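Please read the following alongside the sequence and the coordinates.

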Amino acid sequence: MIKKIIVFETIVALMAIIQACTKLEPAPPNNEDVLDGPVEGLTYDQSRRFLAGDVAFNNEVFNSRTGLGSIFVATSCGSCHAGDGKGTPFTTLTRFGQIDSTENQFLHLGGPQLQNRALPGYSPEQIPKGATFSKFTPPANTGLGFIELVSDADILAMADPADANNDGISGVPNYEYLPAFVQPFINAIPLNGKYIHRFGKKAAAYNLLHQTVNAYNQDIGITSTFNPKDVYSGINIDPEVSDLTIQNVVFYLQTLKAPIQRNINDVEIVQGKNLFSQIKCASCHTPQLTTGTSPVAALSNKTFFPYTDLLLHDMGSNLDDGYTEGSAKTFEWRTPPLWGLGLSPNSQGGQYFLMHDGRAKSIEEAIQMHGGEALQSKNNFTSLSQSEKNALLKFLKAL
Ligand SMILES: [Ca+2]
Ligand SMILES: [Ca+2]
Ligand SMILES: [Ca+2]
């Protein structure tokens, strides 16, 4: 008996100690609450490449000795894409151009992006008089490897350029020529020599290599063998970042995990999910897509839940930024993925900055800004009862 009591007391004491420890140490965030981990199922070698890419993306800060600039926007990828979550209006990129039939004559100086900072002795760029310009907040960089592996055929199956089904929604792909350093996907479906682009707010980047090479060049002023053009002089110079680093960063982006939905069985969230389809949000924010085959088994032939059709939509005059990219018109935007939406405040200083330039301060505000092809869907939202709206918002916050 006494023995039993002692054992019992020891267990109680041990439990108290364990509890005290867990209370003292801050609990690590749940896997489902963080964005910057790898997809599950990478091999040992793949995990090492992921880590090498992670270091280059987050820790490699460029300076004048390592090739920064001479004009630039920021000194590392991670300074804008902190924790791989969405950025804020304080970390925007500005692009400028001119929209008329005489072509974008302002774009020959170092590309359409505004390099607003410069090394000592160089002048930062200014937006030329008469140019139209647009500001973009950084998107979350999660699950991009899945998005890269959606086939052109699947994207085209969601497009409806002439609105044949008469629902007022007519998504179109952004067709553009490929830069010389970008190889088309094996089963690409080009049109008159142009290819379907899918990354970026106006879907102007073809794949993650294209996006990464552009970012080094245009955001940090770093040349590579892929794009050797110096951002200031326009002259080809030696690479300032190695092919291996670029490939590691691309691999890192490809194998960043997809955000994980939370509380999917909650009754209200299930109701919200159904409403999302009923009021036609899902007609652009396609819930489910599949990947083709990939040499990375963890990405190959997977079903995933990004809530985007990767297509451009006319979003109405309030979202018209007067700036074109590829075949995207001034009022057209690519449907942004909604996965990870509820985690946005984690990287946005505890609040929301939604839509392309962060102008919406809440999810409801973002919905209210939908116009053009999304007008009917927005009106459907406005007509919901308060409890239905709550359910929809709860669902969106669980993404
Ligand atoms: Ca440079
Ligand atoms: Ca520029
Ligand atoms: Ca349609």
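**A walk through the model**

Serine 70 sits in the loop between α2 and β1; helices (H or I, at least four residues) and strands (E, at least two) are DSSP runs, numbered from the N terminus. The peptide bond that leads from glycine 69 to serine 70 is cis, with omega near 15 degrees. Most peptide bonds are trans, and most residues other than glycine have a negative phi.

This is a predicted model, in which local features need pLDDT of at least 70, side-chain atom pairs count only at pLDDT 80 or more, and totals for chains, interfaces and linings use all residues. Residues are numbered from 1 along each chain as its sequence is written, while chains are lettered from A and ligands numbered from 1 in the order in which they are written.

The mean pLDDT (the predictor's confidence in each residue, from 0 to 100) of the protein is 90, and 89% of its residues reach 70 or more. Two residues are in contact if their C-beta atoms, placed from the backbone, lie within 7 Å. Residues 10–24 also have pLDDT under 50, with 0 contacts beyond four places in sequence.

In secondary structure, the protein has 11 helices and 10 strands. Of its 399 residues, 43% are buried. A residue is buried if 20 or more other C-beta atoms lie within 10 Å of its own, exposed if 12 or fewer, and partly exposed in between, with C-beta atoms placed from the backbone. Of the contacts between residues at least 6 apart in sequence, 68% join residues at least 24 apart.

Helix α2 covers residues 44–58. Its 15 residues should span 21 Å at 1.5 Å a residue, and its end C-alpha atoms are 21 Å apart, which agrees; the expected span is 1.5 Å times one less than the number of residues. Which residues of α2 are buried? They are Arg49, Phe50, Gly53, Asp54, Ala56 and Phe57. These residues lie on the same side of α2 because they cover an arc of only 170 degrees around the axis, the arc being that of the directions from the helix axis to the C-beta atoms. An α-helix has 3.6 residues a turn, so residues three or four places apart point the same way. The face turned away from the buried side carries the exposed residues Tyr44, Asp45, Ser47 and Arg48.

What do the buried residues of α2 pack against? They pack against α6. Aspartate 54 counts as buried because it has 21 C-beta neighbours inside 10 Å. Between aspartate 54 and leucine 253 there are 8.6 Å from C-alpha to C-alpha, although the two are 199 residues apart in sequence.

Leucine 253 also belongs to the largest nonpolar core, which has 76 residues; Ile220, Val249, Val250, Tyr252 and Leu253 touch the most other members. A nonpolar core is a set of buried Ala, Val, Leu, Ile, Met, Phe, Trp, Tyr and Cys residues joined through C-beta atoms within 7 Å. The elements that each supply at least two residues of this core include α2, α5 (208–220), α6 (243–254), α7 (267–278) and α11 (386–397). Isoleucine 220, leaving out residues up to four places away in sequence, touches Phe62, Leu68, Phe72, Ala74 and Thr75.

Helix α7 has 12 residues and reaches 17 Å from its first C-alpha to its last, close to the 16 Å expected at 1.5 Å a residue. Ile269, Gly272, Lys273 and Phe276 are its buried residues. They are on the same side of α7 because their arc around the axis is only 100 degrees. What covers them includes α11. After α7 comes lysine 280, with a positive phi near 75 degrees.

Two further residues have a positive phi without being glycine. Leucine 310, with phi about 60 degrees, is in the loop between β8 (303–304) and β9. Leucine 310 is buried because 26 other C-beta atoms lie within 10 Å. Methionine 355, with phi about 70 degrees, lies in the loop between α8 (344–347) and α9 (363–368). With 19 other C-beta atoms within 10 Å, methionine 355 is partly exposed.
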